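Subject: Structure for you to look at

Hello,

Here is the structure I promised. Please open it alongside this email, and read my notes below.

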Amino acid sequence: MSLLDDDYDPHVVALLAGSDRPQLRPGQQLRIEINGYPYAYQSLVVDGVGTDIIGPSEAARYLGPQAADTLAVAGPLVLVRARLEHSTFVADGEAFEFHDGMVAQAEVAIRSEPIIVMLFPFLKWWQTNA
């Protein structure tokens, strides 16, 4: 995660798997969990998805030398941006400020199916062939 303060409009930049690029679009929910603050999830809305799939060195150039040194990334990546609604987050009942360079885990739900189908995969086959 990197905070970008474009005209006082802070954003989070997440590096997601490049293989997921076809399923990513603005408007999806991006959930982040800041390292060191377990279970203090933040739900953001994706407002931009990179058009290109990039490698780790290009991602490092985009994030800058300070942020790039804190991340260990590998494989093809896509940049995703989401606007922060607030300048603070709450963890264990206490408010903390976001700061540029904070590292977080980010995820976007790209597929979903009923739990019954996950437990009994043959139902998916049966549904499409019935």
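The largest nonpolar core has 21 residues, and L24, L30 and L44 touch the most other members. A nonpolar core is a set of buried Ala, Val, Leu, Ile, Met, Phe, Trp, Tyr and Cys residues joined through side-chain atoms within 4.5 Å. Buried means under 20% relative accessible area, exposed over 50%, and partly exposed in between (1.4 Å probe, protein chains only). At least two residues of this core come from each of β2 (9-17), β3 (29-34), β4 (41-49), β5 (77-83), β6 (88-91) and β8 (104-108). Strands (E, at least two residues) and helices (H or I, at least four) are DSSP runs, numbered from the N terminus. Another core lies apart, with seven residues, including I54 and L79.

This is a predicted model: local features need pLDDT of at least 70, side-chain atom pairs need 80 or more, and totals for chains, interfaces and linings use all residues. Numbering starts from 1 along each chain as its sequence is written, and side-chain values use heavy atoms, without hydrogens or water.

Now look at β5. Five of its seven residues are buried. β5 pairs with β2 in the antiparallel sense over seven bridges; two strands pair if DSSP finds at least two bridges between them. L15 has L79 of β5 as its bridge partner. β4 also pairs with β5 in the antiparallel sense, over three bridges. There, V46 is bridged to A82 of β5.

Last, check I115. This residue lies in helix α3. I115 counts as exposed because its relative accessibility is 63%.

Best wishes
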